[in-house]
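Dear colleague,

I am handing over the structure below for your files.

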Amino acid sequence: MIISLLTVMFLPFLLGRSVLRSFFQTAQLNQFMTFGFSWGLGLGLVCLWFFLLGAFGAPLNLLTINLPLILITIALIIINKKTVEFNNKIMVTEDSALTEYVLLLILLFYCFFSFIMNLFLVPVIGWDVVATVAFKAKFFFFERTFASNHLLPHPSYPLLTPLLMAWTAINLDQWHENFTKIIFFMYFFNVVLLVYGFLKEFVSRKYALLGTAFLCFSNYVMLHSIMGYRDFPLAFYNCAA
């Protein structure tokens, strides 16, 4: 179970990081934005690969989904190590103040809160999530086919979240009402990284932390980081764009 969860969390990051290093060699990004972009890009690529397999009627299992992605990741890491020098922007060192430590602890608390709520306390809730998002994810997990997607609720809705939840369940080899929601914590964490990294480009670390804390103070943001709606993945990709 632990290995499966680690795979779900870090395979997208390593894949996204490798692709980012390969195609955006001259981009100057600070480490926080790089990490946020990597996770989001990796999750999107996992979803796209899952979708292509299902669209062409290929088997949907751990071998067909994960193995090609792992091999591509390893190949890109080897190639990048030999040929690419990724231009990470060096962060200017600043003296830390008590205010910054307090703000950092607040951000860590909210991230930890989202992690615990998703994995252990709050299962799939909300009518749209239960009847549409999780319903499709369960169908893809148990049936391993897209053949009846047109019969499922709202067939025209985007499939990013159902496919990622189904992929998580395939890695776990079971449907788990809590663990399949780990992707929403990941998107929340990525948005926090992106917002902080973006603000850090224009203001000091203290005010970047303060601005990111204001984001976390929003009850609506925290609510969507644990409920399982499509809003947070959409927020991430809009923010990244």
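I begin with charge. The chain carries 13 positive and 10 negative side chains, and the centres of these two sets are 5 Å apart. Please bear in mind throughout that this is a predicted model.

Of its 241 residues, 48% count as buried.

The fold may be described next. There are 10 helices in the chain and zero strands; read from the N terminus on, the elements run α-α-α-α-α-α-α-α-α-α. The radius of gyration is 19 Å, close to the 18 Å that the globule rule gives for 241 residues, so the chain is as compact as a globular protein of that length. Taken along the principal axes, the box filled by the C-alpha atoms is roughly 55 × 45 × 30 Å. Contacts between residues at least 6 apart in sequence were also examined: 76% of them join residues at least 24 apart.

I turn now to the aromatic side chains. How many aromatic pairs does a search of the whole structure find? The search returns 19 aromatic pairs. One of the pairs is formed by Phe109 and Tyr110: the ring centres are 5.6 Å apart and the planes stand at 75°, so this pair is edge-to-face. An angle over 60 degrees is what that label requires.

Are these two residues buried or exposed, or do they fall in between? Phe109 has 48% relative accessibility and therefore counts as partly exposed, since that class lies between the 20% and 50% limits. Tyr110, at 18% relative accessibility, counts as buried, because buried means under 20%.

A further edge-to-face pair is that of Phe188 and Phe232, with 5.6 Å from centre to centre and 75° between the planes. This pair links distant parts of the chain: Phe188 belongs to helix α7 (residues 182-200) and Phe232 to helix α10 (residues 231-240), and the two are 44 residues apart. Phe188 and Phe232 are both buried.

Finally, which residues do ring pairs link into a cluster? The cluster consists of Phe10, Phe13, Phe35, Trp39, Phe185 and Phe189.

Yours sincerely,

A colleague

Conventions: Residues numbered from 1 in each chain as written. Predicted model: local features only at pLDDT ≥ 70, side-chain atom pairs only at ≥ 80, totals over all residues. Heavy atoms only, no water. Helix = DSSP H or I, 4+ residues; strand = E, 2+ residues; numbered from the N terminus. Rg over C-alpha atoms; globule rule 2.2 N^0.38 Å. Buried < 20%, exposed > 50% of the residue type's maximum accessible area, 1.4 Å probe, protein only. Contact = heavy atoms within 4.5 Å. Lys, Arg positive; Asp, Glu negative; His and termini not counted. Charge placed at Lys NZ, Arg CZ, Asp CG, Glu CD. Phe/Tyr/Trp six-rings, centres within 6.5 Å; stacked < 30°, edge-to-face > 60°.
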